[in-house]
Amino acid sequence: MSHPHGTLEVTIVEGRHLKDEDIVGKNDAYVELYLDKDYKQRTTTVHNSNNPTWNEKFIFHLQKHDDDLHIHIYDDDVVGRDSIGSAKIDLKKHVFNKGRYDEWVKLPAMLGLRSKGEIHVIIEHHP
């Protein structure tokens, strides 16, 4: 199969049970997403919520080696940012030739800690 071109339309819908291990209380969360590290896009910051709703749509133009969508969720902090969690979506497996991907993506816990929450992502591939 030749590698698909076209565009990837990614909607970051919402998050739930987002946990930043260092922070007690609520996150000021935003999502950064990219196929290629040189071109990152990000949502706005939702303040004071561990169940934020973004409903933001992003367009990526597919290049030859764009096989994974990387998603990083951060807690926007006065002194910088703390990582809440990250996930990677295998586009070949889940998106290409399937049309539409609409899932809650778990943010895997590191070293046996409990899950960092999950994020609702919709991906549509337009060849």
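Of the 127 residues in the chain, 46% are buried (under 20% relative accessible area; exposed is over 50% and partly exposed in between, with a 1.4 Å probe and protein chains only). This is a predicted model, in which local features need pLDDT of at least 70, side-chain atom pairs count only at pLDDT 80 or more, and totals for chains, interfaces and linings use all residues. Residues are numbered from 1 along each chain as its sequence is written, and side-chain values use heavy atoms, with hydrogens and water left out.

The chain holds one helix and eight strands. Both are DSSP runs numbered from the N terminus: H or I of at least four residues for helices, E of at least two for strands. Along the sequence the pattern reads β-β-β-β-β-β-α-β-β. Among contacts with a separation of 6 or more, 61% join residues 24 or more positions apart; a contact means heavy atoms within 4.5 Å.

Two strands pair if DSSP finds at least two bridges between them. Strand 2 (residues 29-34) pairs with strand 3 over three bridges, in the antiparallel sense. Leu33 stands opposite Gln41 of strand 3.

A second open sheet of four strands is ordered 4-1-8-7, again with antiparallel pairing. Its edges are strand 4 and strand 7, each with a single partner strand, so one side of each lacks a neighbour in the sheet. Strand 7 and strand 8 run antiparallel and are joined by seven bridges. Val105 stands opposite Ile119 of strand 8.

**The core**

The largest nonpolar core has 28 residues. Such a core is a set of buried Ala, Val, Leu, Ile, Met, Phe, Trp, Tyr and Cys residues joined through side-chain atoms within 4.5 Å. Leu8, Leu69, Ile119 and Ile123 have the most contacts inside it. Elements giving two or more residues include strand 1 (7-16), strand 5 (68-77) and strand 8 (118-126). Leu69 touches, among others, Val10, Leu33, Phe60 and Ile123, not counting residues up to four places away in sequence.

**Aromatic contacts**

The structure holds two aromatic pairs. Rings of Phe, Tyr and Trp (its six-membered ring) pair if their centres lie within 6.5 Å; planes under 30 degrees apart count as stacked, over 60 as edge-to-face and the rest as tilted.

| Pair | Centre to centre | Angle between planes | Type |
|---|---|---|---|
| Tyr30 and Tyr74 | 5.7 Å | 35 degrees | tilted |
| Tyr39 and Phe60 | 6.0 Å | 80 degrees | edge-to-face |

Tyr30 lies in strand 2 and Tyr74 in strand 5, so their pair ties together parts 44 residues apart in sequence. Tyr30 and Tyr74 are both buried. Tyr39 lies in the loop between strand 2 and strand 3, and Phe60 in strand 4, so this pair ties together parts 21 residues apart in sequence. Tyr39 is partly exposed, at 46% relative accessible area. Phe60 is buried, at 2% relative accessibility.

Two charges also sit over rings. Arg42 lies over the face of Tyr30, 3.6 Å from the ring centre. The charged end of Lys40 sits over the ring of Tyr34, 5.0 Å from its centre. The criterion is NZ of Lys or CZ of Arg within 6 Å of the ring centre and within 35 degrees of the ring normal.
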